[in-house]
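Me: I have a structure open and would like to go through it step by step. Can you help me read it?
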Amino acid sequence: METLMAILIGLALSATVGFRIFTPLLITGIFERVDWITLSEGFSWVGSTPALIAFGAAMIFEILVNYIPAVGSFMKLISTPVAALAGILLTASFIGDMNPFLEWAIAIIGGGGVATASHSTLTAVKGVSDTALMGPAVSVAEDLTATVAPILIFIVPLLAIVFLLGMAAIIFRLYKRFLYQRSPSP
């Protein structure tokens, strides 16, 4: 059960990467640094001073850029591979005591896939919101979600399940809406 919960926490954190790539990494590093969480063997560097400085600087840059509509949308588009890597890292950092092949398969397929799906969905939302002049409001919502969700997931791990289910429902609804809009009218 502990391994399953670790996988779910890793996947939920990977989903938060879709909102802001570096905020969940920074929060994870801070929680690791103050010993509120324990990451898998080999991932304690996430809480090191150089990593925290790098994550913090990248987070500030990412947040500032996202408040410039055209630049924010462009950065979201080109940062999808980075989001996938961050999702892989976050998922792998929580899975321990498992066959390495299985651990990395879950991290790459699950963590990278969830991060890419949430990031791609939010990239599409960001493009539409910028067109509708709602970009700053969406950016604030992204900032809040990327900050509050990881903290709540660490405090109440069962919220990882709720967050994953919520993200899956949102992505599914947006996907259905996209397919409906693309289907030819009779």
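**Spans, salt bridges and phi angles**

Reply: Let's start with residues 42–65, where the chain is 71% helix and 0% strand and the end C-alpha atoms are 32 Å apart. Helices (H or I, at least four residues) and strands (E, at least two) are DSSP runs, numbered from the N terminus. This is a predicted model, in which local features need pLDDT of at least 70 and side-chain atom pairs count only at pLDDT 80 or more, while totals for chains, interfaces and linings use all residues. Residues are numbered from 1 along each chain as its sequence is written, and side-chain values use heavy atoms, with hydrogens and water left out.

Me: Which residues does the UniProt annotation "transmembrane region" cover?

Reply: According to the unreviewed UniProt entry, residues 42–65, 77–95 and 151–175. UniProt positions are given in the numbering used here, feature names are shortened, and annotations may be inferred rather than shown by experiment.

Me: And how far apart are the end C-alpha atoms of residues 77–95?

Reply: They lie 29 Å apart, and that span is 89% helix and 0% strand.

Me: New topic. How many salt bridges does the structure hold?

Reply: There are 2. A salt bridge here is a side-chain nitrogen of Lys or Arg within 4 Å of a carboxyl oxygen of Asp or Glu.

Me: What does Arg-20 pair with?

Reply: Arg-20 forms a salt bridge with Glu-142, with the closest N and O atoms 3.1 Å apart. That pair links distant parts of the chain, 122 residues apart: Arg-20 is in the loop between α1 (2–16) and α2 (22–33), and Glu-142 is in helix α7 (residues 135–155). Arg-20 also forms a salt bridge with Asp-143, where the closest N and O atoms are 2.5 Å apart. Asp-143 is in helix α7 too, 123 residues from Arg-20. Through shared partners, Arg-20, Glu-142 and Asp-143 are joined into one network.

Me: Are Arg-20, Glu-142 and Asp-143 buried or exposed?

Reply: Arg-20 is buried at 0% relative accessible area, Glu-142 is buried at 2%, and Asp-143 is buried at 13%. Buried means under 20% relative accessible area, exposed over 50%, and partly exposed in between (1.4 Å probe, protein chains only).

Me: Last one, backbone angles. What is phi of Asp-35?

Reply: Near 65 degrees, a positive value in a residue other than glycine. Most residues other than glycine have a negative phi. Asp-35 lies in the loop between α2 and α3 (49–66) and is exposed, at 63% relative accessibility.

Me: Where is Asp-97, and what is its phi?

Reply: Asp-97 is in the loop between α5 (80–94) and α6 (100–131). Its phi is positive, near 50 degrees, and Asp-97 is exposed at 84% relative accessible area.
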